[in-house]
Amino acid sequence: MQAWRVHRNGEPAEVMRREEVERPEPGPGQVLLRVRAANVNFPDALLCRGQYQIRPPLPFTPGVEVCAETAEGRRVIATPVLPHGGLAAYVLAEEAALLPAPETLDDAEAAALHIGYQTGWFALHRRAALKEGETLLVHAAAGGVGSAAVQLGKAAGATVIGVAGGPEKAEAARRNGCDLVIDRRSEDVVAAVKEATGGRGADVVYDPVGGAAYTQSAKCVAFEGRIVVVGFASGDIPAPALNHALVKNYAILGLHWGLYNQHDPAAVRHCHDTLTAYAAKGLIKPLISERVPFAQAADAVRRVAEGSTTGRLVVLPEGAAA
């Protein structure tokens, strides 16, 4: 079978190689799946660089999220078992963790439903307890993770303010449902949030960026607001001033979605059922900006790593219609 493999750590475009390899053999509790679509995530680049919290043995195949097909023909969503990641014709997955792909989503959309939307749902509802009528501020609102949070915020009845970088991304965030979009390259984020909220600030802040974005969040979070930290796409991990959180009465919350798979898998299944119902009602729909041919998978990972894309890039196997 064809697979993209990494033999040494480095930048994705430099270390990912397309190769012919044997199909992986399932271990106890595992199942072999035929990949129908593989969503590209920022962690795929971190895996290539050797900077992710999980470091699979070399060589490995990136790809942490797929829509795939079982031997019986069932269409499922899965997180592949590394080192046999999703940028391949076949993957391994834990059979107990397979989730049914929603009928209302095509393969590319289903491949992009799992990690980003589960992260958003747990962050907004389980951690921040977002309420109807509150204001939600989403950083990187045009990206894969941010665009999911925007849709989930709107589904919850919140007013959503999105932050994006540049006119193209700002327009994408606007089309995705943001009530207000702030272009961080040409506008003062803090001032714009305060103006839009009558000086109160955002009740909930969704931050997958870190760095300067977190600094802005702390300056415009509301009284008893909640900042949810879900990642550091900027590469800059901030050091929060806890005295500031004390005097302004706001909470700083962390969200590592993968831990729910370990500590509360039933909650993951419940979340998937909720997301499936949302998709059926048209409340959410993954923003797929490109369906990428398999031959261009390394370039797709590079582009996601650079932050130059909007929405999701999904890699399709050989022979699939783009």
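Ala-129 counts as partly exposed because its relative accessibility is 38%; buried means under 20% relative accessible area, exposed over 50%, and partly exposed in between, with a 1.4 Å probe and protein chains only. The model is predicted, so local features need pLDDT of at least 70, side-chain atom pairs count only at pLDDT 80 or more, and totals for chains, interfaces and linings use all residues. Residues are numbered from 1 along each chain as its sequence is written, and side-chain values use heavy atoms, with hydrogens and water left out.

Ala-129 lies in the loop between α4 and β8 (135-138). Helices (H or I, at least four residues) and strands (E, at least two) are DSSP runs, numbered from the N terminus. Phi of Ala-129 is near 50°, a positive value in a residue other than glycine. Helix α4 itself spans residues 114-127 and is largely enclosed by the rest of the structure, because eleven of its 14 residues are buried. Among these buried residues are His-114, Tyr-117, Trp-121 and Phe-122.

**Nonpolar cores**

Phe-122 also belongs to the largest nonpolar core, which has 86 residues; Leu-33, Phe-122 and Leu-136 have the most contacts inside it. Apart from this core lies another, of 18 residues, including Leu-137, Ile-182, Val-193 and Val-221. A nonpolar core is a set of buried Ala, Val, Leu, Ile, Met, Phe, Trp, Tyr and Cys residues joined through side-chain atoms within 4.5 Å. Contact means heavy atoms within 4.5 Å.

**Packing of α7 and α8**

Two packed helices are described by the angle between their axes and the distance between the axes. For helix α7 (residues 189-196) and helix α8 (residues 212-220), the angle is about 35° and the axes are 9 Å apart. Axes are lines fitted to C-alpha atoms, for helices over the stretch in contact, and angles run from 0 to 180 degrees between N-to-C directions. The contact involves Val-189, Val-190, Val-193 and Lys-194 from α7, and Gln-216, Lys-219 and Cys-220 from α8.

**Buried strand residues**

Asn-39 lies in strand β3 (residues 30-39) and counts as buried because its relative accessibility is 0%. Its side chain is joined to that of Glu-65 by a polar contact of 2.7 Å. A polar contact is a pair of N or O atoms within 3.5 Å; within protein, one must be able to donate a hydrogen and the other to accept it, and residues adjacent in sequence count only if both atoms are side-chain atoms. Leaving aside neighbours within four places in sequence, Asn-39 is in contact with residues including Asp-44, Ala-111 and Arg-312.

Val-91, in strand β6, is buried because its relative accessible area is 0%. Val-91 and Thr-61 are 30 residues apart in sequence, and their C-alpha atoms are 9.5 Å apart in space. Not counting residues up to four places away in sequence, Val-91 touches, among others, Leu-33, Val-66 and His-84.

**Cysteines**

The whole structure was searched and zero disulfides were found; a disulfide is a pair of cysteine sulfur atoms within 2.5 Å. For Cys-67, the nearest cysteine sulfur is that of Cys-271, 17 Å away. For Cys-178, the nearest is that of Cys-220, 14 Å away. Cys-67 counts as buried because its relative accessibility is 0%, and Cys-178 is buried because its relative accessible area is 9%.

**Backbone features in loops and strands**

| Bond | Omega |
|---|---|
| Leu-58 to Pro-59 | about -10° |
| Leu-82 to Pro-83 | near 20° |

Pro-59 is in the loop between α2 (42-49) and β4 (66-69), and Pro-83 is in the loop between β5 (75-78) and β6 (90-94). Glu-224, found in strand β12 (residues 221-229), has a phi near 60°, a positive value in a residue other than glycine. Glu-224 is exposed because its relative accessible area is 51%.
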